[in-house]
Every structure is written in structure tokens, then in C-alpha cells.
Amino acid sequence: MTIHMLPTQPFDGQRPGTSGLRKKVTVFQQPHYLENFVQSLFDVLGGLEATGQVGQALHGKTLVLGGDGRFHNRAAVQTILKLAAANGVAKVLLGQGGLMSTPAASAVIRARQAFGGIILSASHNPGGADGDFGIKYNASNGGPANETLTEAMYARTQVLTQLRLSDAPDLDIDTLGTRQLEQMQVQVIDPVADYAAVMRGLFDFELLRGLLKRGFTLRVDAMHAIGGPYAKAILEGELGAPAGSVVNATPLEDFGGLHPDPNPVNAQNLIDNMADAHAPDFGAAMDGDADRNMIVGRNFVVSPSDSLALMTAHAKLIPGYQNGLLGVARSMPTSAAVDRVAKALGLPCFETPTGWKFFGNLLDAGRATLCGEESYGTGSSHVREKDGLWAILFWLNLQAATGQSVETLVREHWRTYGRNYYSRHDYEGIDVEVAQGLMRDLRAALPALPGQTFGARTVRLADDFAYTDPVDGSVSRAQGVRLLMHDGARVIFRLSGTGTEGATLRVYLECYESDPARHDIPAQQALADLVALADQVAGIRARTGMATPSVIT
Ligand code: G16
């Protein structure tokens with residue numbers, strides 16, 4: 001085995017987006033593409049670009065490594081191990097088969113006090129040879145690298161000239177145990193065990209066993225993704241749900257050709273099953289890397305924003321949160337349903353930019369306990385990622401503790417706090433120039449909007465959201481255009497930071513209804529005037545040539 005110094009040349013476009021670097025598999029398969037990104041990460045982590053000392057700061061350090069098992073996962077693991085060994089990493093904790101869900105990676109980093117971890121995933125994006133691949137770095141708190149670090153990595157990719165790579169043969173990554181690669185130890189671990197231990201400490205497993213024993217039925221759709229083994233081990237293995245309660249439970253490299261995105265559009269099969277006369281009591285789905293969740297009752301889909309609000313309202317019923325919450329946080333486009341609960345409970349409530357990384361400081365500083373996003377993500381301080389199976393267990397525990405169904409819980413919540421009607425309209429695959437032009441012109445139009453009336457709504461405030469992190473004071477600007485109405489309704493525009501083809505415009509729509517007699521209006525109907533307003537202000541149809549959004553959730 002020899003460590004080689006190989007010359008390389010920078011690639012354009014290796015700036016991490018909302019959650020790491022996501023590109024087509026074919027892009028990652030280019031010679032040195034993955035190598036360059038990982039070498040840049042190691043150079044920054046190791047302080048090379050500052051000190052010129054190869055591997056000094058990585059010496060003695062342990063990294064966690066694993067991915068969601070999508071196409072290219074196994075090849076990428078071997079490459080990263082050879083780079084890590086050549087860059088002075090002391091030890092890698094590798095998920096068996098190179099697999100690890102994103103929340104499990106966060107749990108393992110924290111439980112085993114690793115220096116950080118590399119997660120291979122493009123999350124909810126489609127997989128397979130023609131699909132997407134992704135990579136991101138999580139720091140020692142278990143959370144996604146902050147913007148300072150991702151920007152430093154990106155800067156390094158632009159000037160990189162050399163790779164350090166071992167020529168060792170591929171390692172056995174499937175058998176548990178420890179092996180050697182150059183000076184580096186590789187320990188193949190079962191991350192399901194680490195993760196299950198965290199869940200046991202938060203939820204009332206005894207109560208859940210009783211619930212399932214009494215015949216409560218569930219359907220958890222793992223969407224052929226990495227959440228399957230975790231859900232099977234915990235829900236079926238440990239809690240006694242009947243075999244087959246977790247469906248599509250075997251991770252596949254192409255997710256069975258499906259789109260592993262747990263929303264009513266892509267998880268149509270679950271929605272259909274939950275609308276059936278013989279539907280189970282509870283349904284849920286997770287995404288490609290098992291950090292997202294969708295919660296479904298019998299013929300009743302819970303909006304992610306409502307899910308966060310309900311969790312906040314009932315947190316004390318769950319053992320892990322029985323002493324109450326320190327605070328809550330939501331991303332800016334997420335509905336303000338949770339704000340109402342926080343206000344009633346006297347809890348601090350933070351509004352952050354889109355991206356789980358922005359919750360990290362709040363969680364680390366003990367200022368928030370629960371966090372959530374409209375993009376089907378909820379989580380808590382137990383790890384530093386959103387967590388799909390955690391959300392499922394939370395809802396199960398909530399139903400067991402209250403004896404109420406998903407629908408009853410949500411309707412009761414609306415009666416108490418009012419309903420925040422909510423929807424997101426995605427315009428996918430837009431020409432990048434067109435999308436950027438739309439946002440640029442929208443930003444230019446902002447000063448003239450306050451005071452303007454559109455039907456029954458008057459614009460109170462129009463701005464481009466900027467966030468000052470209350471913990472470290474860092475400022476993130478241009479995080480999305482907000483139109484706030486006098487009556488609390490909102491229309492928000494931003495471009496997705498996770499797509500890999502063209503640009504995706506996201507339009508987030510929200511209005512509030514306090515009258516229980518008006519809580520049963522179809523969401524699209526309740527929001528129809530805001531949809532028209534969005535088009536009037538931004539010229540979406542004219543600019544994109546799209547008469548309707550490609551996805552409505
Ligand atoms: C990622 C981020 C989330 C974000 C979502 C959508 O989720 O971690 O914080 O809400 O992308 O981001 P965008 O609107 O920029 O596409 P995931 O599950 O894809 O890692």
C-alpha cells in the first residue's frame with residue numbers, strides 16, 4: 001500500500017447547496033470529481049490551507065461514514081476511505097455495507113464523540129445510475145457543517161491542485177469488525193443499534209408495545225430506502241408491530257425506480273392505502289435518507305407545519321420531553337402554526353432560513369428543543385438532523401398517550417389554535433436564467449409593494465429574508481422573498497438549493513382561519529387568491545411558460 005500525491009484540476013460548481021453537494025451520478029462519476037470535493041474537505045478540516053501541514057489537525061481523529069445506499073454509494077465509500085487514510089485520519093466508523101441513515105449518522109457522531117462524519121445522500125432526490133448522488137459533512141455536534149465551513153470547502157475546491165490517495169485494495173465493508181487501511185482503522189458498525197438506543201431513551205416503548213398488542217395497525221412506507229431496516233428493527237422487532245407493517249423496507253440502489261420523497265404526490269401508494277375502507281390506524285413515510293417524514297391518518301394527511309405545532313403542544317406527554325421544551329424553531333417558509341402554540345406556552349420561537357444547518361446553534365445553545373420545516377422535516381435536540389422515524393415514534397406515542405386518532409388530534413388542535421392553511425407550489429426544471437431573472441425582478445419590486453391591495457389582502461411588509469444567528473451573530477441574507485399581508489397571510493418565493501436540473505421555484509402560501517366552521521375548506525381553495533396574487537406579482541406563468549406548478553404539496 002502506498003500513498004500517492006496525484007495532480008488534479010478544480011471543477012466548477014462544487015459549492016454545497018441547502019444540504020451538501022448534490023449532482024447527477026454521472027457528474028460524480030467523472031474522474032477526480034468526488035476525490036476533489038473530499039480532498040478539499042480534508043484540507044480545510046486538517047488546516048492545510050492555513051498551515052501547510054498535511055494531516056496535522058486530522059491526526060488522531062475519528063470520522064463517521066455512511067450513506068443511504070443509493071447508486072454509487074459503495075464505490076464512493078471505497079474512494080473516501082482511501083482518501084481518509086492518506087490524509088491522516090486515525091479511524092473511520094463505517095456503517096455496515098456503507099449504509100447509514102442521516103439521523104443515525106448524527107446519532108453515531110454524537111454517541112461516539114467522533115470529530116465529524118461524511119454522509120452520502122441526495123436525500124429525497126431520485127436514485128439509480130441516471131439519478132442523483134450527494135455528499136455532505138457533519139461536524140462534531142452531529143449537525144450539517146455551517147456556512148463558514150461549506151464556503152471554505154468550496155473555496156478550496158476552486159484552487160485544489162493535489163490529491164492524497166492510498167492505492168490499497170478495496171476493503172470488506174460488509175462484515176462487522178475492525179480492519180486496517182494504511183495507518184487508519186476502519187471499524188464496520190451496526191448503526192441501527194446506536195440509533196435504537198437513542199429512541200429507547202425518548203419514547204415510552206412499553207406503552208407502544210401495549211398499543212400494538214391491542215391491535216393498533218400501522219403502515220410505514222420506507223420507499224425502498226435506508227429507513228427500512230431501522231423501522232423494521234424498532235417497530236416490528238422491538239415494539240411488536242405485525243410483520244409487514246413496514247413496507248418497501250429493503251433499501252434499493254434506485255429506490256425501485258420511485259421518487260423517495262414522502263409527500264402526497266410521491267407517496268401516492270400510501271395515501272391510497274390510508275383512504276381504503278380497511279386502512280390501518282396510522283400511516284407514515286420516510287425519504288431516501290430517512291430524515292423526512294409524512295404523517296397520515298385514516299384518509300387524513302397532516303401538513304408538516306401542523307405536525308410541528310402539534311408536537312410542540314403535546315410534547316410533555318412524551319417521556320423525552322416531559323419536563324417541557326426550551327424553545328422551538330421553524331424555517332421561515334414553514335407555516336406559523338407553531339408560533340401560536342409557542343406563544344400560548346410562553347416558549348421562545350425562532351424563524352431561521354431553510355436548511356437544517358441553521359437549527360444547529362439553537363439546539364447546541366439549549367435555546368430550542370424541537371425544530372421543523374415545511375419540507376416534511378421535524379426533529380429535536382436528540383440529534384442534529386431531522387429524523388423521520390423519530391417523528392413516527394412521536395406520533396405513535398402521542399396516539400397511545402391520548403387514545404386519539406391522527407385526525408381527531410389535528411382537528412382538536414385547529415379548534416384550539418385555529419388553522420393555518422398551507423401549501424407549497426413547485427415549478428421544477430425552469431431555465432436557470434429565467435428563474436434568476438424572476439427573483440431579481442421580484443426583489444426590485446419589493447419597495448413598491450407595501451400598502452398595495454390584492455382583492456381582500458393588503459401587503460403589510462415585503463422583504464428579502466435575512467437571518468442573524470442569535471448565538472454566533474452570523475448573518476445570512478437573501479434567504480427568500482416574503483410578502484406578509486395585514487391579516488397574517490403570507491406568500492414566499494425562493495429557489496430550491498437541492499435540485500440538480502435547472503432551477504426549481506418554490507412558492508409557499510399560507511393563510512390563517514380561526515373559525516372552526518371554516519376548517520374544512522380544501523387547502524387549494526382557501527389559498528386560491530394568494531396563488532393568483534403570487535402570479536400577479538412575480539409573473540410566474542408568463543416567465544416560465546408553465547400554466548400550473550409541477551408539484552403541489
Ligand atoms: C434539505 C434541507 C432542508 C430543506 C430541504 C429543502 O432537506 O436539509 O432543511 O428544507 O432540503 O430545501 P430546498 O427548498 O432548498 O430544496 P433534505 O431532506 O433534502 O436533506
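1. Which residues touch the most other members of the largest nonpolar core? Keep in mind that you're looking at a predicted model. The ones to find are Leu235, Phe282, Leu389, Trp390 and Trp395, out of the 70 residues in that core. Helix H14, residues 388-402, supplies the largest share, with 10 residues.

2. Where does this core sit? It lies between domain 1 (3-190) and domain 2 (195-417), because both of them give residues to it. As background, nonpolar side chains in soluble globular proteins tend to be buried together.

3. Now zoom in on Leu389. If you skip its neighbours within four places in sequence, Leu389 is in contact with Tyr195, Tyr230, Ala231, Ile234, Leu235, Met286 and Ala290.

4. On to the ligand. How many residues surround it? There are 20, and the closest are Glu373, Arg494, Ser496, Thr498 and Arg506.

5. The side chain of Ser496 has a polar atom 2.6 Å from a ligand oxygen, and for Gly497 a backbone N or O atom lies 2.6 Å from an oxygen atom of the ligand.

6. How much of the ligand does the protein cover? On its own the ligand has 460 Å² of accessible area, and the protein covers 99% of that.

Terms used: Residues numbered from 1 in each chain as written. Predicted model: local features only at pLDDT ≥ 70, side-chain atom pairs only at ≥ 80, totals over all residues. Heavy atoms only, no water. Core = buried A, V, L, I, M, F, W, Y, C linked by side-chain atoms within 4.5 Å. Buried < 20%, exposed > 50% of the residue type's maximum accessible area, 1.4 Å probe, protein only. Helix = DSSP H or I, 4+ residues; strand = E, 2+ residues; numbered from the N terminus. Domains from an automatic or database assignment. Contact = heavy atoms within 4.5 Å. Near = heavy atom within 4 Å. Polar contact = N/O pair within 3.5 Å; in protein donor to acceptor, adjacent residues only side chain to side chain. Areas by Shrake-Rupley, 256 points an atom, 1.4 Å probe, with all protein chains shown as cover.
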